[in-house]
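These are my notes for a colleague who is opening this entry for the first time. Please keep the sequence and the 3D view at hand while going through the points.

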Amino acid sequence: MLVEPELVAEIMVDTALERGAWRHPVRFARLRLDVAVADVPPFGAGAEPASG
């Protein structure tokens with residue numbers, strides 16, 4: 001791992017077809033101070049939410 005994560009961020013992701021091309025905008029929603037980094041599964045570990 002190149003960096004050690006310290007915070008958990010919630011993001012909003014949208015998938016849309018625009019003029020024949022897929023676009024995937026990602027927007028920052030908020031910091032999740034109620035969730036510890038250790039509670040978040042590794043990327044690609046499944047489709048389960050981190051909490052709640």
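1. Arginine 23 counts as partly exposed because its relative accessibility is 31%, where partly exposed covers the range between buried (under 20% relative accessible area) and exposed (over 50%), with a 1.4 Å probe and protein chains only. Its side chain meets that of aspartate 14 in a salt bridge at 4.0 Å, N to O, a salt bridge being a side-chain nitrogen of Lys or Arg within 4 Å of a carboxyl oxygen of Asp or Glu. Aspartate 14 is likewise partly exposed, with a relative accessible area of 32%.

2. A word on the basis of these values: this is a predicted model, in which local features need pLDDT of at least 70 and side-chain atom pairs count only at pLDDT 80 or more, while totals for chains, interfaces and linings use all residues. Residues are numbered from 1 along each chain as its sequence is written, and side-chain values use heavy atoms, with hydrogens and water left out.

3. For the overall layout, the chain has 0 helices and 4 strands, and its elements run β-β-β-β from the N terminus on; helices (H or I, at least four residues) and strands (E, at least two) are DSSP runs, numbered from the N terminus. Of the 52 residues in the chain, 10% are buried. Among contacts with a separation of 6 or more, 23% are between residues 24 or more positions apart, a contact meaning heavy atoms within 4.5 Å.

4. How many salt bridges does the rule give? The count comes to 4, and one of them pairs glutamate 10 with arginine 30, whose closest N and O atoms are 3.0 Å apart. Because glutamate 10 lies in strand S1 (residues 9-13) and arginine 30 in strand S4, this pair ties together parts that are 20 residues apart in sequence. Glutamate 10 is partly exposed at a relative accessible area of 28%, and arginine 30 is partly exposed at 42%.

5. Glutamate 10 also forms a salt bridge with arginine 32, at 3.1 Å from N to O. This pair links distant parts of the chain, with glutamate 10 in strand S1 and arginine 32 in the segment after S4, 22 residues apart. Is arginine 32 buried or exposed? Arginine 32 is buried, with a relative accessible area of 14%.

6. Aspartate 34 is placed in the segment after S4 and, at 58% relative accessibility, counts as exposed. The side chain of aspartate 34 makes a polar contact with the side chain of arginine 32 at 2.9 Å; a polar contact is a pair of N or O atoms within 3.5 Å, where within protein one must be able to donate a hydrogen and the other to accept it, and residues adjacent in sequence count only if both atoms are side-chain atoms. The C-alpha atoms of aspartate 34 and valine 8 are separated by 8.9 Å, although these residues are 26 apart along the chain.

7. Leu7, Phe28, Leu31 and Leu33 make a nonpolar surface patch of about 470 Å²; patches consist of residues with over 30% relative accessible area and no salt bridge, with like charges joined within 9 Å and nonpolar side chains (Val, Leu, Ile, Met, Phe, Trp, Tyr) within 5 Å. Phenylalanine 28 lies in strand S4 (residues 26-31) and counts as exposed at 56% relative accessibility.

Terms used: Areas by Shrake-Rupley, 256 points an atom, 1.4 Å probe, with all protein chains shown as cover.
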